[in-house]
Amino acid sequence: MKDINGFMSNIKKKDSKNILKTALFIGLLLVVQLVIIHFSKEKSKDYIHFIYIPIMVLSLKYGYLGAILGIVLVLINTQDPLVNISFALFGLASSTFSNHIDSSKKGFEKENEVGLRNFNLMSYRIKQLSSENKKFTLFSVALHNHNSVALTFGIEKSDEFITRAFNIIKKNLPENLDIYRFYTNRFYILSENTSKSFTEFIVNTITSNLQQPVLIDDIPISFHPHIGIAYSLTKEDALDISRKATIASEKAIEKGKNYVIYNNTQDTFHKENFQLLWDFQRALERKELKVYYQPKINLKTLKCEGFEALIRWEHPKKGFISPMVFIPLIENTTLIQDLTKFVIEEVFKKLAQWKKSGINKSIAVNLSSNNIEDDSILLHIESLLNKYDINLDNFHIEITENTIINDFNTALAFLENVRNKGIKVSIDDFGTGYSSLNYLNLLPVDYIKIDHKFTKESLKNSKKKKIIEHIITLSHDLDMRVVVEGVENEELLENIHKMRADFAQGYYFSKPIPEEEMDIWLQEKAFA
């Protein structure tokens, strides 16, 4: 989500810089003017200074043309060229100031090409309502398909898309409502009516009228509006309540709903996320993160052949934080690269230690979609190969099926690069995308890992059991080996054994093991 605070901060900085530049320019001209007057022969003629008045008035009224008219009118009053230069400079300063006022006024009042009022007008109206202690409702309407239109058809067509949406909304909403826009894909509607029935009316009006697609280059494109609603509680400023409405509309997009009403728990959630990201960064620096290892069992020998590396975080105040919570947060930041590099180096350390001890076990590391788009991961692996003495056959990587489906060409190029270095590859969570069977013969992979949910459902669902059998058969035909995840009981173990799977992972064999306990586990457990 775009940060509205950052957006408005940029506007304020830009305006402040323009005002400062104008003030400095005018100040400089006035200083030059005073110096000229001081050294002029006619500096004793006080009346000359009153001549600035018509120049200033004409300049403020008519800009640069007024400055020229004012200077012409007063030339008859003095023949001193230095004083005339002073008049000219003063006229230039006055007309410059006049132009700045005009442009600022236009920037405040002017509606953009599709007739939408800008943030300054909305801010003024909200301030006015708050000062009068009036309650109000702000609607944030996000057009989910706008970015796709911009990327597919270009900016001009995306403007056409947003213009059509505005015209439809404006035509069908009550005339006393104003629509504001200061994001490319988002409208804000301000209303003094805070009743539930009116809110429902606005939502229904927008969604029903934007249901029909519009034609862009003869292709029907849907708007897919998602609405966030924020009610004023106390004296609100435009930044805060528009932020709240925006959060609610993002929640609507996330949940696939037509609308979401803002509440404080959503705000807390966002703030907690930022705090968690900060804490995670510090956790990396302080080495609070630990790598755990879950065994991978060979179903023919029932012995451990390798492990999957899993990250765990014990927060100093909040205790254990699930990877399901923090991984999605960091995946769209550079922290995912830092985390992956940390895990890979921990794995290299363990493999080097095992090689010295004569232990021949593999360890697999999970990579995210952002990892495969970043060359730094492969460069990191190459640098670690120079630093640690390991058997490269024992270092494996895993990428999810969805990562491959979402960007097949990027994933294919990455996997080919990895395989060329002699690193074995697994497709993780196989069975969640339902379309990867078409890709199997194209992918340079060694292992297929069937998703644990798919595995559990196979006991009760005969169709899914048939699918797993088909995946296993096809994988073997393509010289790939199959790992079944989520094996938690003997019934499931017997079931996948009959289906001729090669390996299994799950709590039936072992929970993920801390690094310091792995050697003991290998010595004592029957599956080791």
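What percentage of the 528 residues of the protein count as buried? Please then examine the contact of H13 with H15 in detail, and continue to the aromatic pairs.

Analyst: The model is a predicted one, and 47% of the 528 residues of the protein count as buried. Its secondary structure comprises 21 helices and 17 strands. Among contacts between residues at least 6 apart in sequence, 68% join residues at least 24 apart.

The helix pair is taken up here. Helix H13 spans residues 335-357 and helix H15 spans residues 375-387. The two pack at an angle of about 25°, and their axes are 10 Å apart. Angles under 35 degrees count as roughly parallel, and H13 and H15 are therefore roughly parallel to each other. Their crossing is right-handed. On the H13 side, the contact is made by Gln337, Thr340, Lys341, Ile344, Glu345 and Phe348. On the H15 side, Ser376, Ile377, His380, Ile381, Leu384, Leu385 and Lys387 take part. Sorted by class, the contact of H13 with H15 has six nonpolar, four polar and three charged residues. Ile344 and Phe348 of H13 are among the contact residues, as are Ile377, Ile381, Leu384 and Leu385 of H15; these side chains belong to the classes counted as nonpolar.

A search of the whole structure finds eleven aromatic pairs. One of the pairs is formed by Phe198 and Phe201, whose ring centres are 6.0 Å apart and whose planes stand at 40°, so this pair is tilted. Both residues lie in helix H9 (residues 196-209), three residues apart, which is about one turn of the helix. Phe198 is buried, at a relative accessible area of 16%, whereas Phe201, at 37% relative accessibility, counts as partly exposed.

Phe307 counts as buried at 3% relative accessibility, and Trp354 is buried with a relative accessible area of 1%. Elsewhere, Phe280, Trp313 and Phe326 form one aromatic cluster.

Two individual residues complete the account. Asp178 is found in strand E2 (residues 178-183) and counts as partly exposed, at 21% relative accessibility. Asp178 and Tyr188 are ten residues apart in sequence, and their C-alpha atoms are 8.4 Å apart in space. Ser510 lies in the loop between strand E16 (503-504) and strand E17 (513-514). Ser510 is buried, with a relative accessible area of 10%. Leaving aside residues up to four places away in sequence, Ser510 touches Gln294, Pro295 and Trp521.

Note on methods
Residues numbered from 1 in each chain as written. Predicted model: local features only at pLDDT ≥ 70, side-chain atom pairs only at ≥ 80, totals over all residues. Heavy atoms only, no water. Axes fitted to C-alpha atoms, helices over the stretch in contact; angles between N-to-C directions. Helix = DSSP H or I, 4+ residues; strand = E, 2+ residues; numbered from the N terminus. Parallel < 35°, antiparallel > 145°, perpendicular 65-115°, else oblique. Left-handed = near helix turned anticlockwise from the far one by under 90°. Contact = heavy atoms within 4.5 Å. Phe/Tyr/Trp six-rings, centres within 6.5 Å; stacked < 30°, edge-to-face > 60°. Buried < 20%, exposed > 50% of the residue type's maximum accessible area, 1.4 Å probe, protein only.
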